[in-house]
Amino acid sequence: MHGHAKQKSLLLLQKNSSILESNDRLEKTAMPRGKSLNLYLMDGSVNGRVKCTLANWTGLAFKIPRTALDLCKDRKELKQTGVYFLFGKDEEHDKAVVYIGQASVRKNGDGILNRLQEHNSNPEKDYWTEAIAITTSNDSLGPTEISYLEHRFYQLAMEAKRYDVKNGVDPAQGNPSEEKQSELEDFIDYAKIVVGILGHKVFVPLVESTSGDTVGTEEPVLLCVKNGVQATAIRTSDGFVVKKGSVLSMKPTKSCPKFVLKKREQYKNAIDENGVLQEDVLFNTPSGASSFVCAASTSGYVEWKTQDGRTLKQLEKADS
């Protein structure tokens with residue numbers, strides 16, 4: 001009986017293990033759940049102010065053009081404590097920029113709106129054209145919470161490397177309890193979705209990595225190997241991303257396009273002395289990406305190939 005019971009127990013463990021593995025596979029392959037958002041055009045125009053709420057989220061977000069700050073004087077929500085983002089563009093380097101800040105209700109002014117008005121009158125912050133302000137529907141954010149949120153949003157923006165972050169230093173984290181920290185991380189997950197929907201993927205990495213050699217996407221890794229160039233890239237919903245670690249040509253040809261030279265200058269600090277790229281770089285087209293890595297005028301549909309030797313042109317033809 002003892003041996004029979006032991007065998008039965010072993011079979012039960014194997015069965016449970018099989019069920020867990022099956023469930024794990026289902027979780028990994030399951031389609032992401034949808035999200036329900038509510039966007040309200042406060043001025044009846046896509047160029048005006050936008051209020052955004054998300055189901056099951058206590059947060060409240062406002063997208064405000066810099067020219068529309070005066071229209072917000074009567075918005076009670078913007079007189080609360082919260083965090084904000086100033087978005088603009090660095091015209092010299094043609095790259096999006098962001099400043100991340102926090103605002104609490106002070107004796108000399110009203111919360112977020114007062115802080116935005118201070119930035120509006122600051123000549124050193126002339127780069128921004130619109131702001132996104134995040135508070136809560138129940139005004140539940142205190143000094144500790146907004147310090148933590150400001151710090152985490154700064155970290156996420158720096159890690160994503162889509163925008164140049166204009167903060168001079170890493171904001172202090174604050175000291176929330178572990179329970180509060182967990183709540184705030186949930187709040188942040190929803191806030192990232194909202195900020196993205198409002199037009200800024202500032203917290204979204206160019207390529208969502210998982211583990212090992214996978215890249216968190218069904219798109220195949222593409223290679224460009226010629227004349228010392230050893231580059232990898234991948235197609236994404238944003239365009240074409242040349243991956244960190246790619247080895248670039250350091251000798252531009254006479255026919256090297258001007259936009260490539262400009263892009264090389266823009267990312268000179270991200271290319272080491274051996275021509276190794278130190279961060280992911282996004283391009284609109286495969287040819288822009290291949291010309292960048294080869295420092296020459298090229299066709300990306302011919303230069304980029306799968307590991308089994310198919311060109312991008314052949315790959316797209318097979319997909320169609």
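Which helix holds Ile193? Ile193 is found in helix H4 (residues 178-197). The legends below start with the whole chain and then turn to close-up views.

The model is predicted, so local features are given only where pLDDT is at least 70 and side-chain atom pairs only at pLDDT 80 or more, while totals for chains, interfaces and linings use all residues. Residues are numbered from 1 along each chain as its sequence is written, and side-chain values use heavy atoms, without hydrogens and water.

**View 1. The whole protein chain.** The secondary structure comes to 8 helices and 11 strands; these are DSSP runs numbered from the N terminus, helices being H or I of at least four residues and strands E of at least two. Of the 320 residues, 42% count as buried (buried is under 20% relative accessible area, exposed over 50%, partly exposed in between, with a 1.4 Å probe and protein chains only). The accessible surface is about 18,700 Å², and carbon and sulfur atoms hold 49% of that surface; areas come from the Shrake-Rupley method with a 1.4 Å probe, and for residues only the protein chains shown count as cover. Among contacts with a separation of 6 or more, 62% join residues 24 or more positions apart (contact means heavy atoms within 4.5 Å).

**View 2. Ile193 and Leu37.** Ile193 of helix H4 is partly exposed, with a relative accessible area of 29%. In sequence Ile193 and Leu37 are 156 residues apart, and in space their C-alpha atoms are 9.6 Å apart.

**View 3. The sheet of 7 strands.** This open sheet has the order S1-S2-S3-S6-S4-S5-S7 and mixed pairing; two strands pair if DSSP finds at least two bridges between them. Strand S1 (37-41) and strand S7 (164-165) are at the edges with a single partner strand each, so one side of each has no neighbour in the sheet. Helix H2 (residues 111-120) lies across strand S3 (59-65), S4, S5 and strand S6 (128-136), at about 25 degrees to S4. Helix H3 (residues 143-160) lies across S4, S5 and S7, at about 165 degrees to S5. For these angles, axes are lines fitted to C-alpha atoms, for helices over the stretch in contact, and values run from 0 to 180 degrees between N-to-C directions.

**View 4. Strand S5 and its partners.** Strand S5 (95-103) has 7 of its 9 residues buried, so the strand is largely enclosed by the rest of the structure. Strand S4 (residues 82-90) runs antiparallel to S5, joined by 9 bridges. Within this pairing Lys89 stands opposite Ala96, and Asp90 has Lys95 as its bridge partner. The two strands form a hairpin with 4 residues between them, and Asp94 in the turn has a positive phi of about 55 degrees. S5 and S7 run parallel and are joined by 2 bridges, with Val98 opposite Val165 in S7.

**View 5. The largest pocket.** Its volume is about 1,000 Å³, and 28 residues line the pocket, with Asp94, Lys95, Lys263, Gln266 and Tyr267 nearest its centre. S5, helix H5 (258-266) and S11 each supply at least two lining residues; the largest share, 5 residues, comes from H5. On a 1 Å grid over the protein atoms alone, a pocket is an open set of points with protein on both sides within 12 Å along at least five of seven lines, the probe being 1.4 Å, and lining residues have an atom within 4 Å of a point. Grid points are joined across faces, edges and corners, and a volume is the space filled by probe spheres set on the points.

View 6. The strands form an open sheet in the order S8-S9-S10-S11 with antiparallel pairing. Strand S8 (222-226) and strand S11 (281-283) are the edge strands, each pairing on one side only. From one strand to the next the twist averages 30 degrees. Helix H6 (residues 286-294) packs on this sheet, touching S8, S9, strand S10 (240-242) and S11, and its direction makes about 15 degrees with that of S10. Between S8 and strand S9 (residues 229-235) there are 5 antiparallel bridges, and Leu222 has Ala233 in S9 as its bridge partner. In H6, 8 of the 9 residues are buried, so the helix is largely enclosed by the rest of the structure; among them are Pro286, Phe292 and Cys294. Just after H6, Ala295 takes a positive phi of about 55 degrees.
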